[in-house]
Amino acid sequence: MRHFSTAATRSVALGTLVLLTAAQPAQAQTAPKKYKIALILGTTTDNFYTSMQCGAVEAARRLGDVELTVQGAPRWDATLQTPVVNAVTASGAQAIAIAVNDGRALFAPLKAAHDKGIKIIGVDTRLLDSSFVVSNISSDNRALGAEAARTLAKLMGEKGTALIPPITPGITTVADRIQGFIDEMRANHKNIKIAYKGASEDASAFSAAFAANPDITGMFLIANNEALVAAGAIRQLPAERRDKISVVSFDAAPALVAALKSNQIQAIVAQKPAQMGALAVETARKALMGQAVAKSIPTGGVGLTRMNIGQPAFAQYVYKSSCK
């Protein structure tokens, strides 16, 4: 998924190396074999990736023979992520698990890493050409987008106009979830019209869309920051319009969950980033051990609402701001 940093989320020091090593007996003559695995996050300032790091660290600790490093750039920007990949490639890592910022732009540096014998695992997002990638671990974004459409259609009473973001090139997860939403709406909710907001992520894009589409009664949003900006834009509308708009968003950052609890948004599709992080470490280790791994490993999602967010079975999927 495309994950953007937000002022509501707190940055953690993910660029620092996280080293997990086991104590060695004093009499040991040779150190036990360690699998050197690097996790490169989509960004170091998003709770989604903090949760992914937590899952990866826990898996490495549990396995005991993994030396894990976690790095990333502070913003979602392929020009910032590429030097991170190059540095990890030169560091002696045996496997790289990465949430690529751009499915085209990261092809060359990751192919260069592969050509040096490094195992490549996609996590969350993926390269457009994954022919040399050992495995891709990701939500089934089309299915989750379709579920978001069904949820929003019900909230809208099966009529009105749904505002959604345009599909932007290069970020495969975002494209999949929006396409899944569109396909479901067009196939099964024919009385709902789809309108697209501008590509800008600030409040002006929403204000312009509200002005151009006075019949908007629903919004589907694809990430934390976008949803928080949208909630602010909705609050600026006259009460008679504001109270008619239902919002479904991806990703359960703490700030977004707070907006859910206060009824600024009505439903969240939470992914499972901690599970992705754990699977990334486990899959990389298997590949390094010469074991067979699946080319694609899907992870699920959970629907969060004001009715269930207080229940432990659902609250566990709120994203983390730290791994403490």
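**View 1. Strand β4 and the second largest cavity.** Strand β4 (residues 119-123) supplies three residues to the lining of the second largest cavity, and this is the largest share of that lining; helices (H or I, at least four residues) and strands (E, at least two) are DSSP runs, numbered from the N terminus. The model is predicted, so that local features need pLDDT of at least 70 and side-chain atom pairs count only at pLDDT 80 or more, whereas totals for chains, interfaces and linings use all residues. Residues are numbered from 1 along each chain as its sequence is written, and side-chain values use heavy atoms, with hydrogens and water left out. The second largest cavity holds about 40 Å³ of space, and its lining is made by I98, V100, L110, I120, I121, G122, T125, R126, L127, V133 and N136. A search of the whole structure finds two cavities of 30 Å³ or more. On a 1 Å grid over the protein atoms alone, a cavity is a set of points where a 1.4 Å probe fits but cannot get out, and lining residues have an atom within 4 Å of a point; grid points are joined across faces, edges and corners, and a volume is the space filled by probe spheres set on the points.

**View 2. Strand β4 beside strand β3.** Strand β3 (residues 95-98) pairs with β4 in the parallel sense over four bridges, two strands being paired if DSSP finds at least two bridges between them. Within this pair, A95 stands opposite K119 in β4. Strand β4 is mostly covered, with four of its five residues buried; buried means under 20% relative accessible area, exposed over 50%, and partly exposed in between (1.4 Å probe, protein chains only).

**View 3. The surroundings of S135.** S135 lies in strand β5 (residues 135-139), and it counts as buried because its relative accessibility is 0%. A polar atom of the S135 side chain lies 2.7 Å from the backbone oxygen of A294. Not counting residues up to four places away in sequence, S135 touches I120, I121, G122, T283, V293, A294, K295, S296 and I297, where contact means heavy atoms within 4.5 Å.

View 4. Six strands, in the order β7-β6-β8-β9-β10-β12, form an open sheet with mixed pairing. Its edge strands, each pairing on one side only, are β7 (192-196) and β12 (302-304), and the twist averages 20° from one strand to the next. Strand β10 (residues 267-270) runs antiparallel to β12 and is joined to β12 by three bridges, with I268 standing opposite L304 in β12. Helix α6 (residues 203-212) packs on the sheet, where it touches β6 (160-164) and β8 (216-221), and its direction makes about 150° with that of β8. Helix α9 (residues 254-261) also packs on the sheet, touching β9 (246-250), β10 and β12, and its direction makes about 150° with that of β10. Axes are lines fitted to C-alpha atoms, for helices over the stretch in contact, and angles run from 0 to 180 degrees between N-to-C directions.

View 5. D243 lies in the loop between α8 (239-242) and β9, and D243 is exposed, with a relative accessible area of 62%. D243 and T217 are 26 residues apart in sequence, while their C-alpha atoms are 8.9 Å apart in space.

Terms used:
Polar contact = N/O pair within 3.5 Å; in protein donor to acceptor, adjacent residues only side chain to side chain. 1 Å grid on protein atoms, 1.4 Å probe; cavity = no way out; pocket = protein on both sides within 12 Å on 5 of 7 lines; lining within 4 Å.
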